[in-house]
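Grab a pencil and work through the two exercises below. Try each task yourself before you read its solution.

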Amino acid sequence: MRVLVAEDDEMIGASLVQALEGAGWSADWVRTGPLAQSALADGGYTCVLLDLGLPAQDGTEVLRCARQRGDTTPVIVLTARDRLDDRVLGLDLGADDYLRKPFELRELLARMRAVVRRRDGSAHSLIGSGALQLDLSTREVFVNGRREALTAREFALLHALLERPGAILSREQLENRIYGWGEEVTSNAIDVLIHGMRRKLGAEVIRNVRGLGWRVLAA
Ligand code: CA
């Protein structure tokens, strides 16, 4: 998925791009309003992170023009401006959400997922890849529309993998996502979990990448 980062602050922009790429996004970075406009006009973005204070053309103008063109790409406004008026204006102009700097990356990523889900027409909290859908609120998994029950640990494992379809998670990363501090983890715990899940979900759902870990394929 591609994200457009419109941010003129070099440090914020660079760290955003690095973090987004680390989270599995493909990030394009522009530093001025007009460049944001033309990138948006080219299309193809799943989400836009828009600084309001951009050179040459303000972020609010970029947003206004995009919405007037009928561009419905989800936009999260990033603003250092501690003014209610700016945030209200951004939302009124068609921003889907906003974050005040400085913000936590985890919160930004969660908000990105949320605006993308909403734009996809999914009011509830489904995440997934291809035939595999995970409902984060009810904790159910659907495989080709068929519902399967998962244990809490199976759910946590699948959730970790589905957050970044295609990315490989190591045994240690998966253990960290599943087991709390002080919990006894046997050396083959992950293998046992995945073996059980393959029997429920199908052998092809979770792929082993020899020596590296496991992943679900990106849709
Ligand atoms: Ca700025």
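## Cysteines and strands

Cys-47 is buried, with 0% relative accessible area; buried means under 20%, exposed over 50%, and partly exposed in between, using a 1.4 Å probe and protein chains only. Before you start, note that this is a predicted model, where local features need pLDDT of at least 70, side-chain atom pairs count only at pLDDT 80 or more, and totals for chains, interfaces and linings use all residues. Residues are numbered from 1 along each chain as its sequence is written, and side-chain values use heavy atoms, with hydrogens and water left out.

**Exercise 1.** Find out how many disulfides the whole structure has.

*Solution.*
- Step 1: recall that a disulfide is a covalent bond between the sulfur atoms of two cysteines. The cut-off is a pair of cysteine sulfur atoms within 2.5 Å.
- Step 2: check Cys-47. Its closest cysteine sulfur sits in Cys-65, 19 Å away, so that's too far for a bond.
- Step 3: look at Cys-65 itself, which is partly exposed at 23% relative accessibility.
- Step 4: the search of the whole structure comes up with zero disulfides.

**Exercise 2.** Work out which strands pair with E1, and in what sense.

*Solution.*
- Step 1: locate strand E1 at residues 2-6; four of its five residues are buried, so the rest of the structure largely encloses it. Strands (E, at least two residues) are DSSP runs, numbered from the N terminus.
- Step 2: apply the pairing rule, at least two DSSP bridges between two strands.
- Step 3: E1 pairs with E2 (residues 26-30) in the parallel sense, over five bridges. Here Ala-6 is opposite Val-30.
- Step 4: E1 also pairs with E3 (residues 47-51), in the parallel sense over four bridges. There, Ala-6 faces Leu-50.
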